[in-house]
Amino acid sequence: MTRVLHDTVEATVETPHRPRSVAALMIALLAACTAFQLNASMLSPVLVVMARELHTDQVAVGLSQTAFYTSTAVFGLFLPRLSDIVGRRRVLLGMMIVMVVGAVLAALAPTMTVLVIARAIQGVTGAVVPVCLMILRDEVRDPRRYGTLMGVVTAVNGGIAGIDAIGGGTLGTAFGFRSVFWVIAAVGVLAVACCHRGVPESRPSRGTRMDWYGGLSLAAVVFLFQSAVNEMGKGSGADRMLMGGLLLGGLIAAVAFWRIENTVEHPLASPALLKRRATWATVATTVLTLAGVIATVNGIAMSIAQDTRAGFGLGADAASLLLLTPYALLGWIVAPFAGRLAPVVGYRAILRIGLAGSVVGIVGLALFGTRSLTFLVGGTLLLGVVYAGMANIMLNGLGVVLSPPGNPGFLPGLNSAGFGLGAGLSFAVLPAVEAAIGPNGRSSHAGYTWAMLVGAVIMALAFLMSLLIPRPVDAETKS
């Protein structure tokens with residue numbers, strides 16, 4: 001009980017530098033989130049170019065993506081809490097500066113090894129979105145206004161209206177993969193300047209000692225489980241001994257983390273907080289949601305569009321224009337309205353509408369999208385509205401508004417890791433199902449259908465788990 005009181009009551013707020021305006025703050029936060037998002041979305045279209053220019057293969061290039069996403073999951077765990085203690089503006093600026101250094105190193109990388117290291121450095125920015133949302137909540141107290149602005153900021157996390165992917169492909173084709181990293185570095189420098197001028201400092205847990213032992217042990221848990229998931233994603237080529245060792249190591253690290261959190265004075269995530277329904281139900285919903293939808297849209301649907309044997313034989317650019325660009329654009333348009341409505345009709349209501357709609361969209365893709373391009377495009381557009389524009393926004397928002405006042409960075413950090421783990425599971429499970437159903441591992445209508453049906457079942461579990469998330473009373477209006 002003492003620990004619960006400590007976690008929820010002890011907090012001081014320091015905001016010595018106020019922003020000149022909310023507009024300046026929003027410009028800074030959007031610049032930071034855009035710089036982070038470009039690291040994910042601009043590079044997907046240039047992976048082939050990257051392999052060719054570095055004289056390596058797709059497997060090696062895939063390691064650079066794995067390094068980035070694993071790094072985002074690990075650093076995303078404890079940087080939000082560290083920002084509570086040493087200052088959110090300071091941590092945000094630090095993340096952006098390190099990202100610029102990583103981008104420059106990647107642009108100059110002479111070998112694949114250096115590129116992998118550079119991508120891991122860029123992954124330090126994994127906590128940008130939750131830290132930005134916490135800064136925004138400190139400065140915008142009106143729930144309706146916060147909801148709208150939260151939607152605007154979080155919408156960037158789903159893609160810059162699809163323009164980023166097209167821009168990455170165009171730059172990679174015309175000037176090589178290094179040009180993409182130079183653009184990311186330039187946007188990062190702009191984001192640093194905007195954040196320096198427009199973001200005020202706040203330290204709600206000033207004077208609290210950072211639980212580095214807990215943070216490192218929890219980071220080890222996520223790293224080992226994430227690595228096991230990545231190994232699982234190799235399908236028949238996975239090293240089962242390595243996978244088992246990683247899982248065992250993750251369990252040992254989890255036990256060590258639990259013991260540490262029971263003994264330190266200022267735990268990163270005390271057992272009392274971990275047992276809260278707001279914690280485990282929110283994170284579990286995030287993991288299941290991402291596991292159900294990410295590979296469905298970015299993997300299976302894109303494969304169907306480009307498959308010349310069991311799909312529609314489109315080129316990569318045409319498939320992106322028909323599926324990913326409008327998907328991201330619709331999410332970008334809908335997100336601010338979903339954020340505006342959340343404080344009025346309820347964060348959980350918007351989330352559940354988004355999850356239920358996502359189940360319908362994925363089932364539609366599974367039953368009709370494999371044989372009709374019209375249904376494939378239509379189902380993907382529906383997911384742009386209900387997942388990218390609604391469910392994704394609410395999951396990010398709930399991680400912030402359900403976090404305890406005395407430890408505001410705890411749940412956003414844990415939820416951030418849930419996004420990474422869920423996405424990894426999605427790319428490990430759904431393609432494996434598709435390959436297992438297909439004849440001799442080849443693509444087929446049945447394989448695509450069953451893979452997406454599995455995604456729909458996982459999404460339905462996410463909907464059921466969302467029923468256990470408590471209402472964020474302080475973030476919603478009484479009417």
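How are D84 and R81 separated in helix α4? The two residues are 3 apart in helix α4 (residues 58–86), which means that about one helical turn separates them. The points below begin with this pair and then turn to other parts of the structure.

This is a predicted model, in which local features need pLDDT of at least 70 and side-chain atom pairs count only at pLDDT 80 or more, while totals for chains, interfaces and linings use all residues. Residues are numbered from 1 along each chain as its sequence is written, and side-chain values use heavy atoms, with hydrogens and water left out.

1. D84 and R81 form a salt bridge, with their closest N and O atoms 3.1 Å apart. The term salt bridge denotes a side-chain nitrogen of Lys or Arg within 4 Å of a carboxyl oxygen of Asp or Glu. Both D84 and R81 are buried; buried means under 20% relative accessible area, exposed means over 50%, and partly exposed lies in between (1.4 Å probe, protein chains only). Helices, for their part, are DSSP runs of H or I with at least four residues, numbered from the N terminus.

2. R88 and its partners. R88 belongs to helix α5 (residues 88–108). Its relative accessible area is 1%, and R88 is therefore buried. The side chains of R88 and D84 are joined by a polar contact of 2.7 Å. A polar contact is a pair of N or O atoms within 3.5 Å; within protein, one atom must be able to donate a hydrogen and the other to accept it, and residues adjacent in sequence count only if both atoms are side-chain atoms.

3. Because R88 lies in helix α5 and D138 in helix α7 (residues 128–139), the pair ties together parts that are 50 residues apart in sequence. Both of these residues are buried.

4. The network as a whole. R81, D84, R88 and D138 are linked in a network of salt bridges. In the whole structure, the search finds 4 salt bridges. One of the salt bridges is formed by E476 and R471, whose closest N and O atoms are 2.8 Å apart. E476 has 11% relative accessibility and so counts as buried, whereas R471, with a relative accessible area of 37%, is partly exposed.

5. The nonpolar core. The largest nonpolar core has 136 residues, and M50 and L92 have the most contacts inside it. Such a core is a set of buried Ala, Val, Leu, Ile, Met, Phe, Trp, Tyr and Cys residues joined through side-chain atoms within 4.5 Å. Leaving out residues up to four places away in sequence, L92 touches several residues, including L29, A32, V128 and V131. Contact here means heavy atoms within 4.5 Å.

6. A nonpolar surface patch. L329, W332, I333 and F337 make a nonpolar surface patch of about 400 Å². Patches consist of residues with over 30% relative accessible area and no salt bridge, with like charges joined within 9 Å and nonpolar side chains (Val, Leu, Ile, Met, Phe, Trp, Tyr) within 5 Å. Accessible areas come from the Shrake-Rupley method with a 1.4 Å probe, and for residues only the protein chains shown count as cover. I333 is placed in helix α15 (residues 316–345), and its 43% relative accessibility makes I333 partly exposed.

7. V221 is found in helix α11 (residues 212–232) and is buried, with a relative accessible area of 10%. Apart from residues up to four places away in sequence, V221 touches G250, A253 and A254. V377 lies in helix α17 (residues 373–401), and at 16% relative accessibility V377 counts as buried.

8. A loop residue. D239 is placed in the loop between α11 and α12 (240–261). With a relative accessible area of 38%, D239 is partly exposed. A polar atom of the D239 side chain lies 3.1 Å from the backbone nitrogen of M241. D239 and A228 are 11 residues apart in sequence, and their C-alpha atoms are 9.7 Å apart in space.
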